[in-house]
Amino acid sequence: RGMRVFFITRRHEAERAATARNLTAAGYVGWNAKDLLLEPDDMHVSSAEDFKAPQREWIEEKLGYTIVVNVGDQWSDLAGGHAVHAFKLPNPFYRIP
């Protein structure tokens, strides 16, 4: 439908294979491996926002996409802008700053 899906996670690159398997097992199929954006193994940021917002900015400015929807289960997933709409999914099990 002319849309591209990116997965942005603070999981580290060392966890790429396991993360890809988890996405496939959850029913996400047909996505491109280069659209799975993980935190470099040597990077340590203080919050999800500090990693994810710059990734969304990169998608917009460097790749030329408009991020129509940002979905996350933590407020820090949505913080920092760079999306037309943001939706917080409920997650009663944990909170990540």
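## A predicted chain of helices and strands

The chain has 3 helices and 4 strands. The model is predicted. Read from the N terminus, the elements run β-α-β-α-β-α-β. The radius of gyration is 13 Å, close to the 13 Å that the globule rule gives for 97 residues, so the chain is as compact as a globular protein of that length. Along the principal axes, the C-alpha atoms fill a box of roughly 30 × 30 × 30 Å.

### The chain as a whole

How much of the chain is buried? Buried residues make up 26% of the 97 residues. The chain exposes about 6700 Å². Carbon and sulfur atoms supply 56% of that area.

Residues 24 or more positions apart account for 46% of them.

The chain has 12 positive and 13 negative charges.

### Aromatic pairs

How many aromatic pairs does the chain have? The count comes to 3. One of them joins Phe6 and Tyr65. This pair is edge-to-face, with 5.7 Å from centre to centre and 70 degrees between the planes. The pair links distant parts of the chain. Phe6 sits in the segment before strand E1 (7-12), while Tyr65 sits in the loop between helix H2 (48-61) and strand E3. The two residues are 59 residues apart. Phe6 has a relative accessible area of 19% and is buried, because buried means under 20%. Tyr65 is partly exposed, at 32% relative accessibility.

Another pair joins Phe7 and Trp31. This pair is also edge-to-face, with 5.7 Å between centres and 70 degrees between planes. The Phe7 and Trp31 pair links distant parts of the chain as well. Phe7 belongs to strand E1. Trp31 lies in the loop between helix H1 (16-25) and strand E2 (36-39). Here the partners are 24 residues apart. Phe7 counts as buried, at 15% relative accessibility. Phe7 and Trp31 also belong to a cluster: ring pairs link Phe7, Tyr28 and Trp31.

Start with Gln74. Where does Gln74 lie? Its place is in the loop between strand E3 (69-72) and helix H3 (75-78). Is Gln74 buried or exposed? Gln74 is buried, with a relative accessible area of 4%. That value counts as buried because the cut-off is under 20%. Leaving out residues up to four places away in sequence, Gln74 touches Lys88, Asn91, Tyr94, Arg95 and Ile96.

Next, find Trp58. This residue lies in helix H2. Trp58 is partly exposed, with a relative accessible area of 38%. Which residues does Trp58 contact, leaving aside its neighbours within four places in sequence? They are Leu37 and Leu63. Gly80 is 22 residues from Trp58 along the chain, and their C-alpha atoms are separated by 13 Å.

### Accessibility side by side

The table lists residues discussed above.

| Residue | Relative accessible area | Class |
|---|---|---|
| Gln74 | 4% | buried |
| Phe7 | 15% | buried |
| Phe6 | 19% | buried |
| Tyr65 | 32% | partly exposed |
| Trp58 | 38% | partly exposed |

Technical notes
Residues numbered from 1 in each chain as written. Predicted model: local features only at pLDDT ≥ 70, side-chain atom pairs only at ≥ 80, totals over all residues. Heavy atoms only, no water. Buried < 20%, exposed > 50% of the residue type's maximum accessible area, 1.4 Å probe, protein only. Contact = heavy atoms within 4.5 Å. Rg over C-alpha atoms; globule rule 2.2 N^0.38 Å. Areas by Shrake-Rupley, 256 points an atom, 1.4 Å probe, with all protein chains shown as cover. Lys, Arg positive; Asp, Glu negative; His and termini not counted. Charge placed at Lys NZ, Arg CZ, Asp CG, Glu CD. Phe/Tyr/Trp six-rings, centres within 6.5 Å; stacked < 30°, edge-to-face > 60°.
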